[in-house]
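User: I'd like to learn how to read salt bridges in a model. Can you walk me through it?

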Amino acid sequence: MSVKAFTDYLLLEKNYSVHTVNAYQRDLETFSLFVNENHDYLSLEQVNYSLIRQWIVALVDEGITNRTINRKISSLNSYYKFLQKSGQIENNPLRKHKALKIGKKVQLPFSKDELNTVLEYAIVVNDFESARNKLIIELFYTTGIRRIELINIKLSDLDLKNKQFKVLGKRNKERYLPIIDSLSSAINEYLKYRSEINLTKDNKYLFLTKKGLKIYEMLVYRVINKYFSKASSKAKCSPHVLRHSFATHLLNEGADLNAVKELLGHTSLAATQIYTHNSIAELKKVHAKAHPRNR
């Protein structure tokens, strides 16, 4: 019951998205399974830090990355803070826990040439699915939208007259994103094909499968991987790399960091600054080429 109360609290009071709450719940269920397998009849409220440490060691032995382990422990910590706040436990067993160290991993964006190859040559629009796939890629690259945000766009969110659309981001925070000409063309082309398929109860959503159902996360990933794995040599070809490419290319062209922050839907500049390493590299090239002392 405490887990149900916790997820209700995240949904109703903290306004977390269903996607985020489901992630918290999965982490708690995974830990609960570990507790049950190793300590019969022990409830989550009775867990101490020693047992949590055993779980961390088990996760490391399974080859789980430190980043993922830290996320799971963060879910657990939020749960115990909730139990403490609601008076169900006296002390949070994770109050003195220190997160595992994570090495900084540089995520390389797609190049402009790679994106141009996919958008101009790799996708031949001649049916519903090809029009949808091109729009998905165009939308990721021209707006920096998150995958879950793209999936949840409704037809009513589009304002083609004013060339903008509404997005429901993290913690149900709304923002408006611009529709540039190339995106507008892709939307209109897709809507023409979309009008020809059989619609279902999901027809309020912009993106559908050919059966008229709302698209899902793995389908979006497969679309991106299908086209970019052929055009790019990068090991990772995912929706997030497109979001990364959007931010990096804007910054390289001189866009203001605060403006990029608003477009991405970040709450702080710190989250946006992870995308600046590539623009710094670009600035170094300009500096080296232009500065008199380097001639």
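This is a predicted model: local features need pLDDT of at least 70, side-chain atom pairs count only at pLDDT 80 or more; totals for chains, interfaces and linings use all residues.

User: What does the side chain of D181 meet in a salt bridge?

Analyst: The general idea is that side chains of opposite charge can pair when their charged atoms come close. Here, D181 pairs with K163, at 2.9 Å from N to O. D181 sits in helix α8 (residues 181-194) and K163 in the loop between β1 (158-159) and β2 (164-168), so the bridge ties together parts 18 residues apart in sequence. K163 is partly exposed, with 39% relative accessibility.

User: Which residue does R175 pair with, and is R175 buried or exposed?

Analyst: R175 forms a salt bridge with E149, again with an N to O distance of 2.9 Å. R175 belongs to strand β3 (residues 174-178) and E149 to helix α7 (residues 147-151), so this pair links parts 26 residues apart in sequence. The cut-off for buried is under 20% relative accessible area. R175 has 11%, so R175 counts as buried, and E149, at 3%, is buried too.

User: How far is it from N to O in the salt bridge of K166 and D157?

Analyst: That one comes out at 4.0 Å. K166 is partly exposed at 25% relative accessible area, while D157 is buried at 13%.

User: How many salt bridges does the structure hold?

Analyst: Twelve. For a network, look at D27, R71 and K72, which are linked by salt bridges.

Notes
Residues are numbered from 1 along each chain as its sequence is written. Side-chain values use heavy atoms; hydrogens and water are left out. Helices (H or I, at least four residues) and strands (E, at least two) are DSSP runs, numbered from the N terminus. Buried means under 20% relative accessible area, exposed over 50%, partly exposed in between (1.4 Å probe, protein chains only).
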